[in-house]
Amino acid sequence: MRRWLAAVFVALAASTQAHAACKIGLVADLPLEPDPYRALVKGAVNGRPVVFMLDTGAWASAMPYPDAKRLGIKLVPSFKFDSEGIGGRTDSMLGHFDMKLGQADLPNELVTVINMHSLDHQAVAVVGRELLGGWDLELNLPENDVRIEKVAGCRSTELAYWNKPYSQARLEADGSSRSAILVTVLLNGRAVTAMIDSGATQSIVTPGAAMSAGINLAKAEDGDEVGGIGHNHLSSKVATFSTFALGDETIKNAKLVVAEMWQYNRKEETGTRLGPMTRDSTEPRMLLGADFLRAHRVLIANSMGLMVFSYVGGPVFDISQRSEKGTSGATPPSAPPAQGQ
């Protein structure tokens with residue numbers, strides 16, 4: 001399982017002393033391409049250079065059929081199923097290929113091939129939680145870097161090793177084999193389960209969560225359509241929340257996109273591109289997308305059930321950025337967060 005990390009992990013384990021001081025060992029480093037909306041990393045498919053998108057919201061890696069055909073993916077026609085996402089349901093099948101992700105070689109890697117024209121950006125595929133999950137994960141999008149790590153012997157106060165003020169939040173388990181990265185946030189003081197989703201260009205709240213926080217959606221401004229896997233697009237609103245809080249970080253007057261993410265997919269655990277063969281009853285009511293991650297340095301310590309994060313600058317919820325299927329409204333971004341409010 002996770003063959004591509006095995007050799008590195010052996011070397012890491014040999015250098016880590018049991019019961020020693022806190023050690024955050026590097027398992028794999030994935031430098032990102034400069035992009036304000038996505039976590040893109042160079043790689044290769046069957047020896048041909050490509051770009052992948054790292055998607056912590058995706059249950060499995062996926063590639064549109066035209067790219068799979070062009071790149072020589074070996075399909076398994078006897079293994080067909082439906083993939084579901086924000087845009088509904090689409091036909092899919094399994095394929096396998098020789099993958100290079102960053103500097104890591106992954107021979108005969110499986111991928112979900114979906115009946116979709118393209119991902120609407122330069123990436124040919126998304127890399128999901130079967131490769132990114134199960135380890136500790138550092139998302140440093142402000143410095144264009146993602147690291148897969150192994151935390152050993154650390155206290156919670158030692159995780160933010162970059163020596164900046166930080167907040168922390170407990171991770172919630174969703175009971176699946178590839179658990180989503182879930183945290184509890186407060187919208188106007190109301191608890192909401194949110195998923196850390198590097199594949200979502202913007203943070204999104206469901207209408208139910210917005211209304212439970214006291215938002216009158218009838219008075220909210222219209223937003224752009226929201227889309228993902230599938231053939232449907234969702235209308236959206238833009239609402240202002242008096243407060244958004246996660247850990248010790250509080251943002252006042254946070255403007256957020258509101259859309260019924262699960263309208264076509266009521267039992268799916270992913271919020272971006274796909275999550276085949278998943279019927280989890282836990283649905284996050286908010287996605288914390290690339291806008292949130294671009295403003296923070298984040299360490300997901302799965303081994304400790306903790307997330308630590310530091311605000312490093314810029315808008316936290318930037319609804320002026322381009323969405324996956326168009327251009328978002330040019331509303332000014334939310335103000336920088338306050339600590340300990």
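Phe-292 is buried, its relative accessible area being 0% (buried means under 20% relative accessible area, exposed over 50% and partly exposed in between, with a 1.4 Å probe and protein chains only). Phe-317, at 1% relative accessibility, also counts as buried, and Phe-244 is buried as well. The model is predicted: local features need pLDDT of at least 70, side-chain atom pairs count only at pLDDT 80 or more, and totals for chains, interfaces and linings use all residues. Residues are numbered from 1 along each chain as its sequence is written, and side-chain values use heavy atoms, with hydrogens and water left out.

A search of the whole structure finds four aromatic pairs. Rings of Phe, Tyr and Trp (its six-membered ring) pair if their centres lie within 6.5 Å; planes under 30 degrees apart count as stacked, over 60 as edge-to-face and the rest as tilted. The ring centres of Phe-244 and Phe-317 are 4.9 Å apart and the planes lie at 85°, so this pair is edge-to-face. Phe-244 belongs to strand 16 and Phe-317 to the loop between strand 20 and strand 21 (322–323), 73 residues apart. Helices (H or I, at least four residues) and strands (E, at least two) are DSSP runs, numbered from the N terminus. For Phe-292 and Phe-317, the centres are 6.4 Å apart and the planes at 25°, so the pair is stacked. Phe-292 lies in helix 5 (residues 290–294) and Phe-317 in the loop between strand 20 and strand 21, so the pair ties together parts that are 25 residues apart in sequence. Together with Phe-309, the residues Phe-244, Phe-292 and Phe-317 form one aromatic cluster.

Strand 16 (residues 237–246), which carries Phe-244, pairs with several strands (two strands pair if DSSP finds at least two bridges between them). Nine bridges connect strand 16 with strand 17 (residues 249–258) in an antiparallel arrangement, and Phe-244 stands opposite Ile-251 of strand 17. These two strands form a hairpin with two residues between them, and Gly-247 in the turn has a positive phi of about 60°. Strand 12 (residues 182–187) is joined to strand 16 by two bridges, again antiparallel, with Leu-186 partnered by Ala-245. Two bridges also join strand 15 (residues 221–222) to strand 16 in the antiparallel sense; here Glu-221 has Val-238 as its bridge partner.

An open sheet of six strands has the order 1-10-9-19-20-11, with antiparallel pairing. Strand 1 (23–31) and strand 11 (167–170) stand at the edges, each with a single partner strand, so one side of each is left without a neighbour in the sheet. Within this sheet, strand 19 (residues 296–301) and strand 20 (residues 306–311) pair over six bridges, with Arg-297 opposite Ser-310.
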